Amino acid sequence: MHLAYPAVLSALLFCTGLYGVLARRNAILVLMSVELMLNAVNLNLVAFDVWLSKTARETLHSGQALTLFTIAIAAAEIGIGLAIVLSVYRNRGTSDIDRLRDTAEGHGEDGPDSDNPAAEKAEATA
């Protein structure tokens, strides 16, 4: 098999993941897109490892070892990411990234940067 086939597939997977990260609003879909990008990198690592081991006749297989580390990091990332998303969903009631811009508790639509004088007066008396 030529190196071009897995490289093109990896590029398509990475571009699909990049589109998902840039265009999606749901935090879980963004995490899935990041995982898709990491899997594209894993495919590249294994494809180049096989290609280089055929040409150099070495038995180290460093690309496959790096892939195992990438899989372990991706598993940790998705575990921590899902825990954060679930915690935010329980507190805020949404996982929409655009609506989670303000991370301070108690500041919703009328945050400290708003032009609402009633909200500023309520904050001053609290």
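**Entry 1**

The model is predicted, so I note the limits: local features need pLDDT of at least 70, side-chain atom pairs count only at pLDDT 80 or more, and totals for chains, interfaces and linings use all residues. Residues are numbered from 1 along each chain as its sequence is written, and side-chain values use heavy atoms, with hydrogens and water left out.

Helices here are DSSP runs (H or I, at least four residues), numbered from the N terminus. I checked the length of H3, residues 62-92. The expected span is 1.5 Å times one less than the number of residues.

Next I asked which residues of H3 are buried. They are Gly63, Thr67, Thr70, Ala74, Gly81 and Val85. Buried means under 20% relative accessible area, exposed over 50%, and partly exposed in between (1.4 Å probe, protein chains only). The buried residues of H3 pack against helix H2 (27-56); contact means heavy atoms within 4.5 Å.

**Entry 2: the salt bridge**

I counted one salt bridge, taken as a side-chain nitrogen of Lys or Arg within 4 Å of a carboxyl oxygen of Asp or Glu. Asp98 pairs with Arg25, and their closest N and O atoms are 3.2 Å apart. Asp98 sits in the loop between H3 and helix H4 (117-125) and Arg25 in the loop between H1 and H2, so the pair ties together parts 73 residues apart in sequence. Asp98 is partly exposed at 47%. Arg25 counts as exposed at 52%.

**Entry 3: the aromatic pair**

I searched the whole structure and found one aromatic pair. It is Phe48 with Trp51, edge-to-face, at 6.2 Å centre to centre and 85 degrees between the planes. Rings of Phe, Tyr and Trp (its six-membered ring) pair if their centres lie within 6.5 Å; planes under 30 degrees apart are stacked, over 60 edge-to-face, the rest tilted. Phe48 and Trp51 are three residues apart in helix H2, so about one helical turn separates them. Phe48 is partly exposed at 35%, and Trp51 is partly exposed at 41%.

**Entry 4: Leu22**

I looked up Leu22 in helix H1. Is Leu22 buried or exposed? At 69% relative accessibility, Leu22 counts as exposed.

Note on methods:
Helices (H or I, at least four residues) and strands (E, at least two) are DSSP runs, numbered from the N terminus.
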